[in-house]
Amino acid sequence: MSKKSSEYLINRKDNQYEVVIGLEVHAQVLSESKLFSTSATKFGAEPNTQVSLVDAAFPGMLPVINEFCVKQAIKTGIGLNAKINKRSVFDRKNYFYADLPQGYQISQFKDPIVGEGKVILDMPDGQKEVGIERLHLEQDAGKSIHDLDPQNTFVDLNRSGVALMEIVSKPDLRSPDEVSAYIKKLRSIMRYLGTCDGNMQEGSLRADVNVSVRAKGSKEFGTRCEIKNVNSIKFMQMAIEYEANRQVDLIEEGKSIDQETRLFDTKKNETRSMRSKEDAHDYRYFPDPDLLPLEVSDEFVNELKNNIPELPDDKKKRFIDEFKLSPYEATILVSDIDTAKYFEEVVAKMGKNKDMKLAVNWITGELFAVLNNKNLEISQSPVSAKNLAILVNLIKNGTISGKIAKTVFELMLDGDKDPQKIVEEKGLKQQSDPKAIEALIDKIINDNREKAIEYKQGKEKLFGFFVGQAMKASGGKANPQLINEILKKKLQ
Amino acid sequence: MSDITKQSLTELVKNIKDKKLSSTEVTKAFIDRSEKSKKLNAYITEDFTSALNKAKKFDQKPNLDLKLPGIPMAVKDLFCTKDVKTTAGSKILNNFVPTYESTVTDNIWREGAILLGKLNCDEFAMGSSNETSFFGNVQNPIDKDLVPGGSSGGSASAVAGQLTPITIGTDTGGSIRQPASFTGTVGLKPTYGSCSRYGIVAFASSLDQAGPMAQNVKDCALLQEIISTYDPKDSTSIDFKRNQYNKELTNNIKGKKIGIPKEYRVDGMPKEIEDLWQKGIQYVKDCGAETIDISLPHTSYALPTYYIVAPAEASSNLARYDGVKYGFRAKGENLIDMYEKTRSEGFGAEVQRRIMIGTYVLSSGYYDAYYLKAQKVRKLIKNDFDEAYKKVDAILTPSTPSSAFKIGEKTNDPVSMYLNDIFTVPVNLAGLPGISIPAGHDTKGYPLGLQIIGKAFDEQNILNIAFAMEEKINFKNKITDWWIK
């Protein structure tokens with residue numbers, strides 16, 4: 001568990017404060033249609049084109065649960081090592097707002113579909129367990145647009161009724177870095193399961209962040225503030241940092257912290273009070289009489305359990321055991337399902353005589369750099385796993401040097417070309433004929449007699465010069481190992 | 001035939017099938033009578049031109065295999081009807097025209113019936129006298145200035161006054177059975193989950209149920225056979241084996257055990273109601289059934305329980321009428337102001353009263369004491385019936401504690417108004433079927449009804465008992481057409 005060295009503490013004069021964070025993550029269920037209607041859920045559609053009579057709360061319209069969304073929630077629960085509740089209840093959360101057509105949100109209050117669970121975070125100094133309090137299903141609201149007209153507010157109901165999973169953590173997080181790791185882990189698990197695409201830009205994943213502080217070593221929780229609806233990891237970290245310091249300052253000044261809901265202003269990098277506890281809504285939760293309690297059988301849950309894919313923690317363990325990767329390498333490769341898929345495909349295509357280390361280095365090195373540069377996902381990689389495997393094999397069997405491989409890789413980027421062909425067409429095959437290299441070296445020594453003498457007299461630095469010259473003369477193709485061996489012999 | 005409107009549904013169907021009457025003749029007859037009956041104020045929206053066109057179209061190519069071939073019918077204005085204004089008796093939906101059809105009305109049109117228009121009702125079905133409607137009082141055809149009951153007052157008035165051969169109402173706490181009782185007609189509230197709620201403007205979702213209102217039990221059975229279908233669009237619809245209620249209707253109830261619950265003998269109940277009940281007991285015995293004294297110990301808690309559960313659900317169900325998307329909107333300075341003005345001006349006093357009661361009982365700090373407790377009592381009331389049904393097949397009670405009262409008589413006394421539903425609400429709370437049949441007259445000559453309560457999904461049994469009793473009672477409704485002369 002976490003060591004002292006990485007503890008995130010806020011220091012003031014003689015006092016040290018610990019930050020306690022709990023997250024309510026809203027993850028949009030990956031589904032074709034909404035939680036209680038058949039409307040589409042596609043992102044970016046024209047306003048109000050994905051709205052049914054149910055979503056717009058027309059008189060006499062009734063919700064009907066989307067079984068697929070229920071399955072998605074249960075699968076996510078399984079991925080969070082959580083208890084699946086065979087009976088859950090949909091409640092109405094009542095409040096008035098223009099983008100909430102029913103005047104209530106259908107959510108789960110007392111009896112959520114998923115109970116307690118846990119996720120494991122890989123922190124630089126070891127693993128950390130974070131408790132999950134619950135996961136429940138609920139409807140999203142529509143969107144109010146205030147800036148299109150000076151007088152009027154426009155309402156887009158495309159999101160209205162879209163299924164969300166609210167995943168509530170226990171107050172187990174202690175630093176912005178842990179929050180980052182936690183969100184990434186949740187996203188990773190859900191992407192493995194195909195239950196949420198985790199796309200934060202499109203709002204598929206956002207969180208309410210609960211922050212409190214307490215004197216280091218204290219067992220009691222401080223008064224918490226809830227920062228609403230933060231939609232990027234960076235902003236979450238900034239908001240926590242600001243909010244924790246604000247609370248510590250209040251304590252240091254002898255003031256008390258008000259339990260309240262706050263907003264994070266991303267431009268000013270500060271949190272602002274939105275409403276106090278006294279102004280909190282009375283949501284008048286009660287079971288939705290339009291929906292019967294949701295009951296799922298053991299068979300239903302087991303069927304889903306049996307079809308859960310290998311999840312990141314298991315995959316990591318397998319990568320370490322089977323491929324002899326370091327925990328660090330394995331963590332990087334499993335964190336995203338598409339990266340893991342890519343890596344496994346490379347491994348498969350490399351065949352029998354494979355160099356796992358080399359493959360890992362190429363993926364996390366050259367490939368990641370290119371993807372980063374071009375702002376691409378690995379699923380959009382310009383170089384296919386198959387061709388990368390061929391490239392790694394070409395290095396491994398000595399056909400090309402690592403250096404030439406970089407040139408070949410550059411050429412592969414244009415249209416996913418076969419590296420074998422590039423090597424052949426461009427004549428980049430490594431020069432491994434000792435006689436040819438010997439001839440080449442003889443010529444260089446002959447042309448640089450004075451330097452050869454200086455070297456022999458003890459100026460050993462000049463060895464690099466000869467290697468460079470030999471490489472240059474061969475057009476970079478000469479086997480560097482052979483150059484070394486032959487040069488050493490000749491310069492004795 | 002000059003007496004078309006006096007015919008029962010069963011007779012009309014037969015005459016059309018035998019080609020003795022055309023749909024156009026029948027439709028025209030009911031339109032003519034409806035036109036002459038404006039004083040009753042039974043309609044909110046008339047759709048006569050369209051009805052006549054549909055009838056003519058039907059006659060051009062009549063499909064006589066249907067169960068309601070070319071039969072005109074007006075329905076309660078709580079059912080959403082495609083392209084025909086649907087108001088729920090409220091100003092807030094005064095301009096609302098649905099683009100969709102309720103499942104129940106859809107079932108009816110599929111069997112060949114033709115919409116005559118939309119019938120008046122209490123606003124959002126909240127009332128027992130049809131006096132809360134934005135569109136004004138409805139007159140009871142029995143006598144001038146007499147309420148027809150509520151909330152399906154327009155429906156009851158239209159059937160009793162022969163403006164429509166049959167109709168459908170909705171019943172949340174007695175809204176079919178009480179007006180049926182007040183107008184000398186038959187009204188069935190089916191088991192909760194029997195008829196789809198899809199497309200019915202919601203009042204209290206866990207209690208609302210659509211049902212037929214008719215001049216006799218057979219007509220009622222025929223309509224129930226049509227409207228009761230399993231509907232996946234309503235999550236509370238139940239997929240049980242439904243009888244062919246009309247086809248299987250029988251007056252043979254020999255050996256049936258009928259429970260007589262002592263708790264329904266309430267304080268201050270008029271003697272004529274008690275006498276009617278005794279007569280009813282004699283009738284079922286004459287039919288060969290056996291009566292057994294039973295106890296439903298939690299009956300006295302039913303009314304207060306109902307007036308917590310129903311307003312709670314209503315307060316949430318009616319939140320959607322906010323002026324944003326459809327319906328009436330008042331101008332406001334900002335969103336909150338618009339909400340407040342829209343809802344203050346758009347909802348009538350009774351609806352506002354119930355929204356406030358409902359909001360209160362769901363509020364934090366009061367939820368446990370009111371809503372949660374009411375749910376527990378509701379369970380006890382249901383258990384009472386479950387216990388009783390171990391011994392009996394059905395239960396016989398009066399439908400209402402009195403006959404119809406005068407317009408305005410109870411408008412300033414909500415509690416006395418609520419007491420009207422004392423015999424009907426337990427049935428809704430337990431989700432059971434109940435039927436009211438006319439069984440006699442009081443000293444003023446106003447009709448009185450008896451209620452038969454059945455086991456869940458046992459509509460056939462109570463229809464059979466009602467059918468057998470109807471024969472013995474031989475009730476004749478005294479309709480003088482006072483509003484036409």
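Predicted model: local features only at pLDDT ≥ 70, side-chain atom pairs only at ≥ 80, totals over all residues.

Trainee: What does the secondary structure of chain A come to?
Mentor: Chain A has 15 helices and 16 strands. Those are DSSP runs numbered from the N terminus: H or I for helices, at least four residues, and E for strands, at least two.

Trainee: Why is chain A called more spread out than a compact globule?
Mentor: The globule rule is 2.2 Å times the number of residues to the power 0.38, and the radius of gyration is taken over C-alpha atoms. For 492 residues the rule gives 23 Å, but chain A has 30 Å, well over that, so it counts as more spread out. Its C-alpha atoms fill a box of roughly 95 × 60 × 50 Å along the principal axes.

Trainee: What makes a residue in chain A "buried", and what percentage are?
Mentor: Buried takes 20 or more other C-beta atoms within 10 Å of the residue's own; 12 or fewer is exposed, in between is partly exposed, and C-beta atoms are placed from the backbone. In chain A, 40% of the 492 residues are buried.

Trainee: On to chain B: why do β1 and β2 stand at the edges?
Mentor: Two strands pair if DSSP finds at least two bridges between them. The open sheet runs β1-β3-β2 in chain B, with mixed pairing. β1 (43-46) and β2 (72-76) each have a single partner strand, so one side of each lacks a neighbour in the sheet.

Trainee: How do you know that β2(B) and β3 of chain B pair?
Mentor: They share five bridges, in the parallel sense, against a cut-off of at least two; that qualifies. B:Lys76 stands opposite B:Leu119 in β3(B).

Trainee: Which strands sit at the edges of the eight-strand sheet?
Mentor: The order is β4-β6-β5-β10-β11-β9-β7-β8 in chain B, open and mixed. Its edge strands are β4 (167-170) and β8 (290-294), each pairing on one side only.

Trainee: And how many bridges join β9 to β11 in chain B?
Mentor: Five, linking β9 (residues 394-398) to β11 (residues 447-454), which run antiparallel. B:Pro398 stands opposite B:Leu450 there.

Methods
Residues numbered from 1 in each chain as written. Chains lettered and ligands numbered in written order.
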